[in-house]
Amino acid sequence: MSSQNNIAQSPRRSGTNMKTALAAAALVVLMGAMILDTKVVVIGSEEDVSESAFSPEQFGQDMFPQIRESVMSRAVDAMTLAEAIAADKAAAGEQYGVKGGIGPVIPVRFTGVAGEARSGVYTVDVEGVPEETVIRVQTGPAINGTDLRDATGTISFGQFTNQIEYQDAGAGINNEMKRQVLAEIDTENLTGKTISVTGVFRLINPENWLVTPVEMSVQ
């Protein structure tokens, strides 16, 4: 009886073994196809995807010279600008600035005596500018805001993948400005010294300008 059962089960075992063998063969073929379809990319090569990722540092290097040139060519004397803002803030922003978020970004130039610093921001006494107008210039180490990024009106959110990249673009430009403009200046010891600045500020409070420089010298 036992022998008959063994004989009866033999064809089924043989069929199972055949299915297993066919499945294994199919898996081997599939793995072979995957290997053939896989492309090896060397890290750092032109085909490395990471090389095409957004670089704030590279963006800053590329864009800051263009921003500086634009600001230098459009900068308004601080006394002239203060008079225009006092007469009509909106009209002054329209005439001299570039629309950007909560207020126009305006290019300005001035020479004055640096006062006391607070967190790397100096007040500057500029002759001819009304006393109620406070002019400040930020010298780092932290450069805040996106005024440089927004100074020309040519850099927009739509150029970037997301808000993080857009913010990082501003930081990259600020860092490049520090490298090109502020690195050779003793920014910790400017009090009492005469400085010449060309830069930009966002016109929000007409009596308080926080200027980010694109050019700066100490006399």
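Because the model is predicted, local features need pLDDT of at least 70 and side-chain atom pairs count only at pLDDT 80 or more, while totals for chains, interfaces and linings use all residues. Residues are numbered from 1 along each chain as its sequence is written, and side-chain values use heavy atoms, with hydrogens and water left out.

Let me begin with the overall layout. The chain has 5 helices and 6 strands, where helices (H or I, at least four residues) and strands (E, at least two) are DSSP runs numbered from the N terminus, and along the sequence they follow the pattern α-α-β-α-α-β-β-β-α-β-β. Of its 219 residues, 37% count as buried, meaning under 20% relative accessible area with a 1.4 Å probe and protein chains only, whereas exposed means over 50% and partly exposed lies in between.

In helix H3, residues 78-87, the buried residues are Ala78, Leu81, Ala82, Ala84 and Ile85. Seen down the axis, these fall within an arc of 165°, so they line one face of H3; the arc is that of the directions from the helix axis to the C-beta atoms. On the other side of H3, Glu83, Ala86 and Ala87 are exposed. In helix H4, residues 89-96, Ala92, Gly93 and Tyr96 are buried. They cover an arc of only 100° around the axis, which puts them on the same side of H4, and Ala90, Glu94 and Gln95 are exposed on the other side.

Now to the salt bridges, each being a side-chain nitrogen of Lys or Arg within 4 Å of a carboxyl oxygen of Asp or Glu; the whole structure has 4 of them. One joins arginine 202 to aspartate 147 at 3.2 Å, N to O, and this pair links distant parts of the chain, with arginine 202 in strand E5 and aspartate 147 in the loop between strand E4 and helix H5, 55 residues apart. Arginine 202 counts as buried at 13% relative accessibility, as does aspartate 147 at 11%.

Within helix H5, arginine 179 and glutamate 176 lie 3 residues apart, about one turn of the helix, and their closest N and O atoms are 2.5 Å apart in a salt bridge. Arginine 179 is exposed at 55% relative accessibility, but glutamate 176 is buried at 6%. Salt bridges that share partners also join Asp147, Arg149, Asp150 and Arg202 into one network.
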